[in-house]
Amino acid sequence: MQQALIEKYGEARLPRYTSYPTAPGFSPTVGAGTHSDWLAAIKPGTDASLYLHIPFCRSMCWYCGCHTTITQRDEPILDYIDMLRKEIDLVSRTVGGRPNIRHVHFGGGTPTIMQPEEFRDLIGLLRARFAFAAGAEIAVEIDPRTLTAEMATALGEAGVTRASLGVQSFDPVVQKAINRIQSEAQTAEAATRLRKAGITGINFDLIYGLPHQTVASCIETAQAAIRMRPERFAVFGYAHIPSFKKHQRLIDERALPDAAMRSEQAEAIAETLAGAGYVRIGLDHYALPDDSLTLAAKRGRLRRNFQGYTTDACTTLIGFGASSIGRTADGYVQNEVPPGLYAQRIASGRLATAKGYRLTAEDRLRAEIIERLMCDFRVDVPGIAARHGFDAAPLLDGNARLAALKEDGAIDIRGGTVTVRQDHRFIIRAVAAAFDAYIDQSARTHSKAA
């Protein structure tokens, strides 16, 4: 049965459901003026998160699906950081009440491409413009190949609590095929530097489904990473979308594994991590038993946002930088993607909002159902519907996608509670899609399912 499900659902183009509605549904009808109104409506003391996007790298990894620009010069980075500081000032003046910041995430690109002093100054500005909660988590994405001892020290001094290190694969054949040469020694040294700086939360990112990757090489990479004992792992499936990311055309498609092979690789990594004591969290995260992510999952408090599975329960997210996405109680917004357009908007004294989405009451209902499925593999549809003032029947009766999943033996439905069977959790996104009112519009623009 499992093989049949892989063949039926494994190649489906489905969202990762890090938001609902998903980004392809955003529209230019929600622009800077609307965003300004939403920011002004934020009340003092509102728990909030900040996201800062640094869209620069020194070299292009051919598998990359992120918004980033390659530069060997520091001037574009310095100019961008100047615009980022202006945006922080602009947004902080627009926000109606000073929010209570509980999480900060620096994404990329490579956030640590900036100089140590620039990072310290940026954190200092954020602390000056916003009220940070005691114990606020500050997370940074890091390329181990370029992390210096000075930068590691600066991160610790700035109060960074968590670092996510890109590993992907230690197989030299795979590394050559994706244009990312990174030794185990480089990765171990980066982790050691971060821990020495006082950063105790270390995450590793691994990828399966890469060119020339095998089950054996996936296991060897996982075992090597385990020896460095990070607190968490995120394990993603490579999404080959050369029509959207032209640099992916440099990857030999003939060397890519098929859906069945991808599934074998994912499970091999999962079994290796579980054998080393890591607890599987949701679809693709793993954490040590005493990690806060594991505890949140056990207590039914796991959340999902643009960084994947998280303990961040804030419903307000303020995004800074090109392509960054934010959210308020009213809806989602996204900045201009090209750094040049973003800079033009900020330099003119306007918010850089390019598009967004105004949430409806039904959107909020469906978002909670989808999030609980993605986090718990189980959802009480009538219970959630009742809290939102809706009848559950239209969500369940006549739901063709849900009926097909039940007929295929992937899910059970009892009293309106949908449960994904233990052995079939790898198709959770297909189950979530059964509650997505916009799936036929958005699926065409999403990557292949991991």
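User: Why does Tyr 357 count as buried?

Analyst: Its relative accessibility is 14%. Buried means under 20% relative accessible area, exposed over 50%, and partly exposed in between (1.4 Å probe, protein chains only). So Tyr 357 counts as buried. The model is predicted: local features need pLDDT of at least 70, side-chain atom pairs count only at pLDDT 80 or more, and totals for chains, interfaces and linings use all residues. Residues are numbered from 1 along each chain as its sequence is written, and side-chain values use heavy atoms, without hydrogens and water.

User: Why does Tyr 438 count as partly exposed?

Analyst: Tyr 438 has 26% relative accessibility, so it counts as partly exposed.

User: What makes the pair of Tyr 357 and Tyr 438 edge-to-face?

Analyst: Rings of Phe, Tyr and Trp (its six-membered ring) pair if their centres lie within 6.5 Å; planes under 30 degrees apart are stacked, over 60 edge-to-face, the rest tilted. Here the centres are 6.3 Å apart and the planes stand at 70°, so the pair is edge-to-face. Ring pairs also link Tyr 20 with Tyr 357 and Tyr 438 in a cluster.

User: How many aromatic pairs does the rule give, and what makes Phe 106 and Phe 119 a tilted one?

Analyst: The count is 10. Phe 106 and Phe 119 lie 4.9 Å centre to centre, with 50° between the planes. Both residues are at 0% relative accessibility, so Phe 106 and Phe 119 count as buried.

User: How many residues of the protein are there, and what share counts as buried?

Analyst: There are 450, and 56% count as buried.
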